Amino acid sequence: MTIDELRTEIDRLDSELLRIFNQRAGLALQIGEIKKQRGMAVYDPRREKLIFERMKSENGGPLDDGAIVRLFERVIDESRRLERIMTNRDKRVKE
Amino acid sequence: MLIIMKKNADEQALVQIKEYLINRNFDIHQSTGANRTIIGVIGDTDSLDQEKLEKMPGVHQVVRIAKEE
């Protein structure tokens, strides 16, 4: 493949990742809403650990496990951030 | 603010500090390296007690980012 063809394929994958990231964030928000209704903590270390362990066990490379964990740390940090923003917005609307 | 964990900090120490920050509505950027973990704290960190954070288990160093002029 040429560089242009490879970059076209990367662009296609980036668009797919974008869609998947947002789809994942939407699901995380739904969980956030349920947690709020049930008075559950936003931070669930046990769940995060399970995600990292599962991703490492399914990792076929070429990214190493450390890279996979760092990527998912960012995804989870951003999901939590979104959850906090939405929760605070809901609080303001009620006030 | 950056919270640099000790090389030998155990998982429970990391959980404790993340819980402390998240419960206070701070966003965090965790970065796990081969030897140590660094937590970037996002938000108005003026309200955070640096000394208290430094005394928490597993914390090596807490670095405040200087405000720009």
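I started with Ile3(B) and found that Ile3(B) stands opposite Val62(B) in β4(B). A strand here is a DSSP run of E with at least two residues, numbered from the N terminus.

Before going on, I noted that this is a predicted model, where local features need pLDDT of at least 70, side-chain atom pairs count only at pLDDT 80 or more, and totals for chains, interfaces and linings use all residues. Residues are numbered from 1 along each chain as its sequence is written, chains are lettered from A and ligands numbered from 1 in the order in which they are written, and side-chain values use heavy atoms, without hydrogens and water.

Next I checked how β1(B) and β4 (residues 59–63) of chain B run: they are antiparallel, joined by four bridges. Strands pair if DSSP finds at least two bridges between them.

β1 (residues 2–5) of chain B also pairs with β3(B), antiparallel again, over three bridges. There I saw Leu2(B) bridged to Gly40(B).

Then I followed β3(B) to its other partner. β2 (residues 27–32) and β3 (residues 37–42) of chain B pair antiparallel over six bridges, and a hairpin of four residues joins them. I spotted Ser31(B) opposite Ile38(B) in that pair.

Last, I looked up the surface: Leu2(B), Ile38(B) and Ile65(B) form a nonpolar patch with about 240 Å² of accessible area together. Patch residues have over 30% relative accessible area and no salt bridge, with nonpolar side chains joined within 5 Å; a salt bridge is a Lys or Arg side-chain nitrogen within 4 Å of an Asp or Glu carboxyl oxygen.

How values were computed: Patch = residues over 30% accessible without salt bridge, like charges linked within 9 Å, V, L, I, M, F, W, Y side chains within 5 Å. Areas by Shrake-Rupley, 256 points an atom, 1.4 Å probe, with all protein chains shown as cover.
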